[in-house]
Amino acid sequence: AGFIGENLVLSHNRTEIIKAYGDDKYHLVYSALSTLTTSSIAYGYFVHGRGTGPVIRVTGRARVLAVIFQTLGCVGLSQFFPKAQIPVAVVQNTNDNSAPQNSVLRGSKIMSNKNNNSSASAEGKRSWEFKARCPFDFTAPKSGQDEISGLKRVTRHPAFWTMSFLSLGVMFRTPYVTEVVAFAGPVVTTLLCGSHMDYRYRRGEGGTLTPAQEAKSSFFPFVALVEGRQSWTALLDEAKGLNAGIALLVSGLIAIRTRRPPAVIASQ
């Protein structure tokens with residue numbers, strides 16, 4: 001409640017506070033209060049709430065929902081990281097009497113330079129070699145803040161909903177009432193703070209949300225895609241595939257590790 005309250009109060013009065021005290025002091029106070037309230041939440045959970053309190057029965061349907069939400073959260077989180085790529089590439093070197101031609105083999109496709117002298121290149125010597133490269137592609141294009149692309153095709157608030165999906169994954173899996181309440185908090189935060197952010201952005205405070213942008217996006221995840229206001233094909237083309245694959249693997253390992261109920265429930 002404290003985290004939601006300070007975020008709503010400070011963000012709602014953002015313009016007035018900045019005019020009175022300056023942008024630097026505003027962000028300093030905002031960061032300090034957010035850190036304080038987040039720390040109090042972590043302290044309360046890890047010291048007084050984790051694995052304690054009344055217990056409830058976790059049904060099979062709840063476990064299925066937990067895996068679904070957990071997977072959505074892991075995939076969403078993976079898209080915030082730089083684009084992952086295989087750290088080894090197979091390089092084809094083509095040497096002839098005129099000029100060298102280089103190309104890189106990625107999977108089953110060869111990305112090659114334009115060949116203005118195909119006959120001479122065909123007669124040249126070709127060799128293959130492995131070449132190390134960075135496991136992250138920092139040259140991948142990044143979307144602008146107001147551009148609707150990537151995860152913003154799913155929801156206007158990808159960070160909020162990624163946090164909520166991860167929390168729902170734990171909430172549907174845990175048998176402890178205290179943990180259910182604790183991990184429901186991020187969902188409430190998303191609903192209240194996300195809605196308030198849209199309200200401010202429509203007024204041009206801290207960001208922009210034009211009618212055109214709002215018409216092509218959605219607050220709740222996947223609504224714009226289901227209604228046809230966004231393109232599934234474009235979403236898949238812009239997605240970081242290897243990142244998503246790693247996220248699916250991690251989610252699967254977590255699901256396997258937590259497939260059995262805790263001893264406190266199993267013994268009842």
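F69 is buried, and F165 is buried as well, where buried stands for under 20% relative accessible area with a 1.4 Å probe and protein chains only. This is a predicted model, in which local features need pLDDT of at least 70 and side-chain atom pairs count only at pLDDT 80 or more, while totals for chains, interfaces and linings use all residues. Residues are numbered from 1 along each chain as its sequence is written, and side-chain values use heavy atoms, with hydrogens and water left out.

W161 and F219 form an edge-to-face aromatic pair, with 6.0 Å centre to centre and 80 degrees between the planes; rings of Phe, Tyr and Trp (its six-membered ring) pair if their centres lie within 6.5 Å, and planes under 30 degrees apart count as stacked, over 60 as edge-to-face and the rest as tilted. This pair links distant parts of the chain, since W161 lies in helix α6 and F219 in the loop between α8 (211-215) and α9 (223-226), 58 residues apart; helices are DSSP runs of H or I with at least four residues, numbered from the N terminus. W161 counts as buried because its relative accessibility is 8%, and F219 counts as buried because its value is 12%.

By the pairing rule the count comes to 10 aromatic pairs. Among them, F69 and F165 are stacked, at 5.9 Å centre to centre and 20 degrees between the planes. F69 belongs to helix α4 (residues 60-78) and F165 to helix α6 (residues 158-171), so this pair ties together parts that are 96 residues apart in sequence. One aromatic cluster is formed by F69, W161, F165, F172, F219 and F220.

How values were computed: Helix = DSSP H or I, 4+ residues; strand = E, 2+ residues; numbered from the N terminus. Buried < 20%, exposed > 50% of the residue type's maximum accessible area, 1.4 Å probe, protein only.
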